[in-house]
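Hi everyone, thanks for making time this morning.

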Amino acid sequence: MIKYCGVALCALAAILILRAEKSEFAGYVSLAASVILLGAALTTFLPMMEYIKGIMSKTEFGPYLETLTKALGITLCVQVASDICRDLGEGALGARLELIGKAEILLLCLPLISDLLELAAHLIKI
């Protein structure tokens with residue numbers, strides 16, 4: 001974790017220096033640092049994903065955990081892309097991207113909502 005913080009702080013120092021000298025390159029350094037840190041985050045998430053896959057194969061909660069992991073992936077991708085948009089001065093674009101991500105997660109969760117409503121209806125009949 002410390003090495004990722006070091007990468008982020010080095011990138012921050014480079015961005016601040018470049019912003020003072022040649023501001024057009026600061027965005028590129030920020031983008032490169034974001035890609036490096038995203039790659040590091042993905043390698044950190046891989047063992048967790050393998051563990052969740054093991055749980056999904058052993059329990060009847062597999063479809064729910066699959067939906068949860070997809071929603072987590074969508075959230076992370078949208079957050080990183082939105083932050084990059086905001087860093088480059090396009091806050092409105094980042095906000096629209098977040099809206100699309102929320103809609104995508106809602107669409108992904110519709111089968112779960114249907115299952116939940118069916119369960120509630122079954123419990124009411126009992």
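**Starting from Ser82**

Ser82 has a relative accessible area of 0%, so the residue counts as buried (buried means under 20%, exposed over 50%, partly exposed in between, with a 1.4 Å probe and protein chains only). Before I go on: this is a predicted model, where local features need pLDDT of at least 70, side-chain atom pairs count only at pLDDT 80 or more, and totals for chains, interfaces and linings use all residues. Residues are numbered from 1 along each chain as its sequence is written, and side-chain values use heavy atoms, with hydrogens and water left out.

Back to Ser82, which sits in helix α3, residues 62–87 (helices are DSSP runs of H or I with at least four residues, strands are E runs of at least two, numbered from the N terminus). What is Ser82 in contact with, leaving aside its neighbours within four places in sequence? The partners are Gly94, Leu97 and Glu98, where contact means heavy atoms within 4.5 Å.

Glu98 comes up again, as it forms a salt bridge with Arg86, the closest N and O atoms being 3.0 Å apart (a side-chain nitrogen of Lys or Arg within 4 Å of a carboxyl oxygen of Asp or Glu). Arg86 lies in helix α3 and Glu98 in helix α4, so this pair ties together parts that are 12 residues apart in sequence. Arg86 is partly exposed, at 36% relative accessible area.

The structure holds two salt bridges. Lys70 and Glu66 form one of them, with closest N and O atoms 3.5 Å apart. Both residues lie in helix α3, four residues apart, about one turn of the helix. Lys70 is partly exposed at 42%, and Glu66 is partly exposed at 37%.

Now let's step back to the whole chain. It has four helices and zero strands. Its C-alpha trace spans about 70 × 35 × 15 Å along the principal axes. Of the 126 residues, 17% count as buried.

And how far can we trust it? The mean pLDDT is 86, and 100% of the residues reach 70 or more; pLDDT is the predictor's confidence in each residue, from 0 to 100. Confidence is lowest in helix α2, residues 23–58, at a mean of 83, and highest in α4, at 92.

One last stop is Ile113, placed in helix α4, residues 91–125. Ile113 counts as partly exposed, at 37% relative accessibility. Thanks, and happy to take questions!
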